[in-house]
Amino acid sequence: MAFGSFDKGTNAPMAEINTTPLVDVMLVLLVVFIITAPLLTHAVKVDLPKAAASAHEEKPEAIRLAINAQGELFWNDQPVAQDDLPARFAAATQANPQVELHLRADREARYDAVARAMAAAQGNGVAKIGFVTEAK
């Protein structure tokens with residue numbers, strides 16, 4: 001292998017690749033993987049206790065608020081006036097702070113009616129608002 005020449009007249013680049021450092025690094029990596037591979041498959045056997053109780057899942061109360069195309073509001077399928085919404089939302093959050101609002105609006109309903117209902121809910125402590133839609 002010629003790494004260079006003592007000839008001052010040639011300025012040609014070296015055409016051979018020095019592979020010794022590459023082989024050294026690959027051998028070191030091989031040794032590291034050979035040593036660490038058995039450690040990764042080592043597992044500790046633990047006898048876990050068996051639980052007989054079922055998970056307790058408490059569903060929060062949900063308010064179903066519907067708005068039809070004419071802007072009429074229905075609280076759990078009962079008609080309600082827009083002015084009564086803040087008091088109803090306040091009473092619902094007083095009874096259960098984790099209450100959810102499921103809002104169902106007609107396709108032809110005006111946006112301002114939906115926005116007023118959401119503002120009344122948010123202003124009176126309802127933090128979870130979901131929009132109910134129909135699948136195609």
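Which side chain meets that of Arg 110 in a salt bridge? I looked this up and found Asp 112, with a distance of 3.4 Å from N to O, where a salt bridge is taken as a side-chain nitrogen of Lys or Arg within 4 Å of a carboxyl oxygen of Asp or Glu.

Entry on the source. I note that this is a predicted model, in which local features need pLDDT of at least 70 and side-chain atom pairs count only at pLDDT 80 or more, while totals for chains, interfaces and linings use all residues. Residues are numbered from 1 along each chain as its sequence is written, and side-chain values use heavy atoms, with hydrogens and water left out.

Entry on salt bridges. By the rule above I count 3 salt bridges. Asp 112 also forms one with Arg 116, the closest N and O atoms being 3.7 Å apart, and these two residues are 4 residues apart in helix α3, which puts about one helical turn between them. Through shared partners, Arg 110, Asp 112 and Arg 116 are joined by salt bridges into one network. For accessibility I use relative accessible area (buried under 20%, exposed over 50%, partly exposed in between, with a 1.4 Å probe and protein chains only). On that scale Arg 110 is exposed at 60%, whereas Asp 112 at 32% is partly exposed, and Arg 116 at 43% is partly exposed.

I then turned to Asp 77 and Arg 64, whose side chains meet in a salt bridge at 3.2 Å, N to O. This pair links distant parts of the chain, since Asp 77 sits in the loop between β2 and β3 and Arg 64 in strand β1, 13 residues apart. Helices (H or I, at least four residues) and strands (E, at least two) are DSSP runs numbered from the N terminus. Asp 77 counts as exposed at 56%, and Arg 64 as partly exposed at 42%.

Entry on aromatic rings. I count 1 aromatic pair, formed by Trp 75 and Phe 89, which is tilted, with 5.1 Å centre to centre and 55 degrees between the planes. The rule pairs rings of Phe, Tyr and Trp (its six-membered ring) if their centres lie within 6.5 Å, with planes under 30 degrees apart counted as stacked, over 60 as edge-to-face and the rest as tilted. Trp 75 lies in strand β2 (residues 73–75) and Phe 89 in helix α2 (residues 85–95), so the pair ties together parts that are 14 residues apart in sequence. Trp 75 is buried at 10%, and Phe 89 is buried at 0%.

Entry on helix α2. I list Leu 85, Phe 89, Ala 92 and Thr 93 as its buried residues. Seen down the axis of α2, they fall within an arc of 95 degrees, so they line one face of the helix; the arc is that of the directions from the helix axis to the C-beta atoms. On the other side of α2, Ala 87, Gln 94 and Ala 95 are exposed. I noted that the cover over the buried residues includes β1 (62–67), β2, β3 (78–80), β4 (100–105) and α3 (111–123).

Entry on Thr 93. Which residues is Thr 93 in contact with, leaving aside its neighbours within four places in sequence? I found Val 99, Asn 124, Gly 125 and Val 126, where contact means heavy atoms within 4.5 Å. A polar atom of the Thr 93 side chain lies 3.0 Å from the backbone oxygen of Asn 124, and Thr 93 counts as buried at 15%.

Conventions:
Polar contact = N/O pair within 3.5 Å; in protein donor to acceptor, adjacent residues only side chain to side chain.
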